[in-house]
Amino acid sequence: MPLKAVLFDMDGVLYDSMPNHATAWSEAATRFGLTMTPQEAYLHEGRTGHGTINILAQRHWHRDATQQEMEQIYKVKSEIFNTCPAPLPMPGAAELLQSISRLGLTIVLVTGSAQHSLLDRLAKDYPGIFAPERMVTAFDVKHGKPHPEPYLMGLEKAGVQASEAIVVENAPLGVEAAHAAGIFTIAVNTGPLDPNVLLDAGADVVLPREGGFSQALELIQQRQGTTAAE
Ligand code: CA
């Protein structure tokens, strides 16, 4: 099937925001008597905030977190995140998005984030790329990544089949979600993880942070048939 759409994760792909998330999670967890190292935050990346909090609650309190606890902890995490220096757009992401847009492909955002601050910045940093009706956020889904629902909803918003799309992700749970939705998944390893973690999660290709977006564009062009390579 010809390629028609590219589905983009946000944190760690469009923004170099993961160091801030890792810090915020670690500090917020500590304030509530829970423990999460910044390193562990990278493994939970892409999970909804409430899902992550529940894992910590199970581990430390041996029960589910209440709705109130989830809201309180997530609020504190968001407050700390918002005091961190504003994350910069990932180098090369704007060029990749513009190239994909010029190819005439549909671009959809699929994020587990509920950070209004970042969602608001998309319009400024990537003008004309992300329409509200082609965005899936934490507010839209019942099941966050690694469940396939966010990517299945992304396909629906793009109006395409799984075989007509490509996903660009950076985190194991995001890759798992995209793979479970049956979509060809490019993982760009922008964080500190061993690339094998991404392959094990189901990535079809793992690219390095340096030069990864250029290689991703080549793959996308090949899949679209706009380059000679087949
Ligand atoms: Ca991510």
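## Helix contacts, a calcium site and selected residues

Gly49, His50, Ile53 and Trp61 of helix α3 are in contact with Gln67, Glu69, Met70, Glu71, Ile73 and Tyr74 of helix α4. Sorted by class, the residues of this contact are five nonpolar, three polar and two charged. The model described here is predicted.

Helix α3 covers residues 49–61 and helix α4 covers residues 67–83. Their axes come within 10 Å and cross at roughly 115°. Angles of 65 to 115 degrees count as roughly perpendicular, and α3 and α4 are therefore roughly perpendicular to each other. The crossing of α3 past α4 is right-handed.

The loop between α3 and α4 contains histidine 62. This residue is not a glycine, yet histidine 62 has a positive phi of about 55°. Is histidine 62 buried or exposed? Its relative accessibility is 65%, so histidine 62 counts as exposed.

Helix α5 (residues 93–102) and helix α10 (residues 212–224) have axes that come within 9 Å and cross at roughly 15°. Angles under 35 degrees count as roughly parallel, and α5 and α10 are therefore roughly parallel to each other. Their crossing is right-handed. On the α5 side the contact is made by Ala93, Leu96, Ser99 and Ile100, and on the α10 side by Phe213, Leu217 and Ile220. Six of the residues in the contact of α5 with α10 are nonpolar and one is polar, while none is charged.

Glutamine 98 also lies in helix α5. With a relative accessible area of 42%, glutamine 98 is partly exposed. Between the C-alpha atoms of glutamine 98 and proline 127 there are 9.5 Å in space, while the two residues are 29 residues apart in sequence.

**The calcium ion**

Which protein residues are donors of the calcium ion? They are Asp9 (OD), Asp11 (O), Glu45 (OE) and Asn170 (OD1), at 2.1 to 2.3 Å from the ion. Along the chain these donors follow the spacing D-x1-D-x33-E-x124-N. Aspartate 9 is in the loop between β1 (5–8) and α1 (18–31), and glutamate 45 is in the loop between α2 (38–44) and α3, so this pair ties together parts that are 36 residues apart in sequence. Aspartate 9 and glutamate 45 are both buried.

**Two residues of helix α2**

Helix α2 includes glutamate 40 and glutamine 39. Glutamate 40 counts as buried, because its relative accessibility is 16%, and the cut-off for buried is under 20%. Glutamine 39 has a relative accessibility of 57% and therefore counts as exposed, the cut-off for exposed being over 50%.

Leaving out residues up to four places away in sequence, glutamate 40 touches Thr35 and Arg59.

| Residue pair | Separation in sequence | C-alpha to C-alpha distance |
|---|---|---|
| Glutamate 40 and serine 26 | 14 residues | 8.8 Å |
| Glutamine 39 and proline 19 | 20 residues | 9.4 Å |
| Glutamine 98 and proline 127 | 29 residues | 9.5 Å |

**Helix α8 and its surroundings**

Helix α8 spans residues 172–180, and its buried residues include Pro172, Leu173, Gly174, Val175, Ala177 and Ala178. What do the buried residues of α8 pack against? Their partners are α2, α7, β4 (165–169), β5 (184–189) and α9 (195–200).

**A cis peptide bond**

Where is proline 146 in the chain? Proline 146 lies in the loop between β3 (135–136) and α7 (149–158). The peptide bond that leads from lysine 145 to proline 146 is cis, and its omega is near 15°.

Technical notes:
Residues numbered from 1 in each chain as written. Predicted model: local features only at pLDDT ≥ 70, side-chain atom pairs only at ≥ 80, totals over all residues. Heavy atoms only, no water. Axes fitted to C-alpha atoms, helices over the stretch in contact; angles between N-to-C directions. Helix = DSSP H or I, 4+ residues; strand = E, 2+ residues; numbered from the N terminus. Parallel < 35°, antiparallel > 145°, perpendicular 65-115°, else oblique. Left-handed = near helix turned anticlockwise from the far one by under 90°. Contact = heavy atoms within 4.5 Å. Nonpolar A, V, L, I, M, F, W, Y, C, P; charged D, E, K, R; others polar. Buried < 20%, exposed > 50% of the residue type's maximum accessible area, 1.4 Å probe, protein only. Donors = N, O, S within 2.8 Å, 3.2 Å for Na, K, Ca; no water.
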